[in-house]
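Let's take a walk through this model together, from its overall make-up to a few single residues. Keep the viewer open as you read.

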Amino acid sequence: MILPAKNSPKERDSALLMAIAAGDRRALEELYLSYHRRLARFLSRFTPRYENVEEIINDTFMVVWQSAKDFRNASQVSTWIIGIAYRTALKSFRRQKNHTGARSLEDYPEQTVDPTFEAEVTDWLKHGLSRLPIEQRLTLELAYQMGHSLEEIAAITDCPVGTVKARMFHAREKLRQYLPTLGGASSDLSARIG
Amino acid sequence: MTHNSRIENSAEHHEVSALLPWYVNETLQERDRQRVDAHVGVCASCRADLTAQLRICEAIAAQPAIDYMPVGSLKRLLARLDAQAESAGAPAPAQEQATNRLPWRGWMAASVAALAVAVALLVGNHWAQVDARQNQPNYRTVTSSAPRPQGEVIRAVFSPTITLVELQTILDEAQLSIISGPTEAGVYSLASNSTLTVRASLALLRQHSSVRFAEKTSPEPESGTSP
């Protein structure tokens with residue numbers, strides 16, 4: 001479906017949600033297709049199985065279908081949908097007993113990685129992120145992968161701004177413990193940002 | 001106490017440090033951004049932390065992500081909604097009501113109506129075929145001696161797993177509309193809804209792996225063949 005160009009993404013989302021609240025399944029399909037890529041890319045960083053990603057996305061849109069009439073424009077539609085996905089994902093990840101994100105750095109007190117011995121920065125980062133508590137990692141990924149502001153993350157996670165800051169602080173500290181040379185020891189990198 | 005340790009123990013240091021991730025993803029408001037700029041200029045610890053956060057952010061952004069095709073997942077969601085509606089005995093969605101609230105989506109209503117016609121025809125065909133089945137031979141042909149629907153230009157067979165969304169997308173691209181079908185053999189009769197030539201519509205249809213068969217069924221209209 002193609003909407004007139006004059007509709008901004010926010011207006012388009014609001015119009016679709018209003019139609020969904022009235023029972024329009026075509027509007028649900030359109031909203032689903034416009035959010036699927038963003039949500040799938042985000043969620044696939046936490047679980048390698050697409051079945052899990054799909055389950056979370058579809059559970060999210062079941063809630064959207066059932067709760068659209070309760071949306072009160074207190075936040076943007078995108079923040080509301082990602083907030084539902086966040087809570088759904090959190091429940092799903094907690095159910096997965098063997099999910100590596102359920103473990104914390106305290107489980108690996110002596111384990112550190114020197115990036116100079118790793119082929120790629122992404123390798124050690126992947127290891128470090130997978131050892132963060134899930135709330136902390138979700139907060140970090142919402143900021144760095146999805147580009148959300150502090151206030152948006154507070155709305156998505158339904159937490160005070162202070163809690164979001166605290167989760168991010170602990171995530172950064174734990175990554176620093178896991179990756180000691182990340183903490184700015186490299187002078188050439190410091191020079192890059194002047 | 002050194003100059004650096006005084007800075008790092010200050011309330012300003014702790015507050016600015018907490019904002020660094022959002023300085024990195026460029027979502028801070030201007031006032032906070034200026035505050036971070038000013039503090040980072042005098043705080044070596046925050047400069048180092050900022051470097052680290054930049055590296056993490058860049059590394060996360062650089063990690064490849066797999067793009068999944070959403071149509072199959074959407075199909076399963078719609079099936080869940082159907083099952084839920086059936087179990088709850090819920091009435092059909094208030095489609096017309098919703099469409100009326102969004103006047104710019106009139107064409108969408110037309111698409112829905114076309115699909116509804118297709119479904120109605122499918123159901124009608126099905127019962128007619130069940131009724132007449134005992135008098136029919138045990139084989140099926142794609143062609144038929146029955147009168148063709150007026151305006152039919154193409155007969156097509158799609159993959160049995162195609163979804164309504166995929167079907168509508170393909171038809172929109174080829175600028176075709178369903179005028180009847182599918183028959184029991186899965187044949188759709190399609191009509192052009194634009195000035196696109198039948199040959200061009202056929203070529204567009206045949207690009208899709210979901211299209212198992214597509215053939216022209218009537219001479220191409222003169223208006224569609226002229227350059």
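Helices (H or I, at least four residues) and strands (E, at least two) are DSSP runs, numbered from the N terminus. This is a predicted model, in which local features need pLDDT of at least 70, side-chain atom pairs count only at pLDDT 80 or more, and totals for chains, interfaces and linings use all residues. Residues are numbered from 1 along each chain as its sequence is written, while chains are lettered from A and ligands numbered from 1 in the order in which they are written.

Burial is judged by counting: a residue is buried if 20 or more other C-beta atoms lie within 10 Å of its own, exposed if 12 or fewer, and partly exposed in between, with C-beta atoms placed from the backbone. A:Arg41 has 17 other C-beta atoms within 10 Å, so A:Arg41 is partly exposed. Although 104 residues separate A:Arg41 from A:Gln145 in sequence, their C-alpha atoms are 9.2 Å apart in space.

Now step back to the whole of chain A. Its secondary structure comes to 9 helices and 0 strands, and 39% of its 194 residues count as buried. Among the contacts in chain A with a separation of 6 or more, 64% join residues 24 or more positions apart.

Which residues of α6(A) are buried? They are A:Gln136, A:Arg137, A:Leu138, A:Thr139, A:Leu140, A:Leu142, A:Ala143 and A:Tyr144. Helix α6 of chain A (residues 134–144) has 8 of its 11 residues buried, so this helix is largely enclosed by the rest of the structure.

Let's turn to how helices pack. Two packed helices are described by the angle between their axes and the distance between the axes. Axes here are lines fitted to C-alpha atoms, for helices over the stretch in contact, and angles run from 0 to 180 degrees between N-to-C directions. In chain A, the axes of helix α1 (residues 9–21) and helix α2 (residues 25–43) come within 8 Å and cross at roughly 140 degrees. Angles under 35 degrees count as roughly parallel, over 145 as roughly antiparallel, 65 to 115 as roughly perpendicular and the rest as oblique. α1(A) and α2(A) are therefore oblique to each other. On the α1(A) side the contact is made by A:Asp13, A:Leu16, A:Ala19 and A:Ile20, and on the α2(A) side by A:Ala27, A:Leu28, A:Glu30 and A:Leu31.

A nonpolar core is a set of buried Ala, Val, Leu, Ile, Met, Phe, Trp, Tyr and Cys residues joined through C-beta atoms within 7 Å. In the largest nonpolar core, which has 65 residues, A:Ile20 and A:Leu43 touch the most other members. α2(A) gives the most to this core, with 9 residues. Leaving out residues up to four places away in sequence, A:Ile20 touches A:Ala27, A:Leu28, A:Leu31, A:Val64, A:Trp65 and A:Ala68. Another core, of 17 residues, lies apart from it, and includes B:Val153, B:Ile154, B:Leu176 and B:Val187.

That brings us to chain B. Its secondary structure comes to 10 helices and 4 strands, which run α-α-α-α-α-α-α-β-α-β-β-α-β-α from the N terminus on. Buried residues make up 26% of its 227 residues. Within chain B, the axes of helix α2 (residues 11–24) and helix α4 (residues 44–62) come within 9 Å and cross at roughly 25 degrees. That makes α2(B) roughly parallel to α4(B). Here B:His13, B:Val16, B:Ser17, B:Leu20, B:Pro21 and B:Val24 of α2(B) meet B:Cys46, B:Asp49, B:Leu50, B:Gln53, B:Leu54 and B:Cys57 of α4(B).

Finally, visit two loops. B:Glu26 lies in the loop between α2 and α3 (30–40) of chain B, and has a positive phi of about 60 degrees although it is not a glycine. With 10 C-beta neighbours inside 10 Å, B:Glu26 counts as exposed. A:Asp158, in the loop between α7 (150–157) and α8 (161–178) of chain A, has a positive phi of about 55 degrees and is not a glycine either. A:Asp158 counts as exposed, with 10 C-beta neighbours inside 10 Å.

Technical notes: Contact = placed C-beta atoms within 7 Å.
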